[in-house]
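Look at the structure below.

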Amino acid sequence: MPLWISFTLLAAIMQAVRTAGQKSLSGSVSAMATTFVRYWYGLPFVFCYLSLLLVLNPDWAKQISITTFTGNARFLFFATSASVAQIAATYALIKVFTQRNFAVGTSFAKTEAIQVALLGSLLFADYLNWLGWLAVISGVVGTVVISGKDVFKRGSRNTSLYGLASGALFAVTSLFLREASLSLGLPLVLSAVLTLAFMVCLQSVVCALYLNIWEKPQWQRMKSVKKSCWFVGATSALGSVGWFTAMSLQNAALVKILGQVEFFITLAITHFYFREKIARFEWWGMVLIVASVLLVLQYR
């Protein structure tokens, strides 16, 4: 199995579990505090993974210095832009969760896949062939079928805007973090985790400043739900390791389409944990998602 597929599957599983944790957490703290938790509590796990890689590959440590980051303007631009975009995307997604059903809220963000493909082609000439586009379209249509009934019956303008904004911002994040990682010129597994570490540090600082200025009471609320915070942090870190590495190794659009397997886990969590019903028509959406995944696995 290609390495990028293994990391994508890790990312999809961890993201589904983390998103469930974020929904529960968002009932106790604000959207920005939940966003902060994702980064700050994930930071120790990111550095543990980086340390493990350097222990297993001593030569890699010799390739890293402070100028790896400060002397690379392209890296700084794309990594910083991706950091800000991901904060905004996470905030928008959490706002969706406060207004909508869990599975439907996740569906909105899944427009990210087709937006990654379009923006990747326009901005970075990262083109897909017809099989790749068929996989992207099949996957996106599948998620729309799964959530479409509820969206059209009970959807609000705010929910739609937050969902679409989340998808667009996550698409920008995916493309920019890939460019940042590739710009380091290091072994891709190493450059992926270095990009992740840089972004998580920056994102923690930005979110902490926001909370200190506008939402100080949230610090006390986070203390009362520490177990949930550590759970979200750990699953977020593992998921990010998967996404960052996979997107360093492969076209971001293909990674996101394969990552649609997350939806099956999401629906299981929706049904068994949040006790929300899975409608009949959702099974048709899952068939389309399976088809998109199979197409991606055939992609060359």
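A residue is called buried under 20% relative accessible area, exposed over 50%, and partly exposed in between, with a 1.4 Å probe and protein chains only. Helices (H or I, at least four residues) are DSSP runs, numbered from the N terminus. The model is predicted, so local features need pLDDT of at least 70 and side-chain atom pairs count only at pLDDT 80 or more, while totals for chains, interfaces and linings use all residues. Residues are numbered from 1 along each chain as its sequence is written, and side-chain values use heavy atoms, with hydrogens and water left out.

In helix H3 (residues 43-56), Leu-43, Val-46, Tyr-49, Leu-50 and Leu-53 are the buried residues. They lie on the same side of H3, because they cover an arc of only 130 degrees around the axis, taken from the directions from the helix axis to the C-beta atoms. Cys-48, Val-55 and Leu-56 are exposed on the other side of H3. The partners against which the buried residues of H3 pack include helix H1 (3-25), helix H2 (31-40) and helix H11 (188-214).

Helix H2 is also the place of Thr-34. Thr-34 counts as buried because its relative accessibility is 0%. Leaving aside residues up to four places away in sequence, Thr-34 touches Gln-22, Leu-25, Ser-26, Val-29 and Ile-94, where contact means heavy atoms within 4.5 Å.

Thr-173 is found in helix H10 (residues 157-183). Its relative accessibility is 2%, so Thr-173 counts as buried. Beyond residues up to four places away in sequence, Thr-173 touches Ala-82, Ala-85, Gln-86 and Met-199.

Terms used:
Helices (H or I, at least four residues) and strands (E, at least two) are DSSP runs, numbered from the N terminus.
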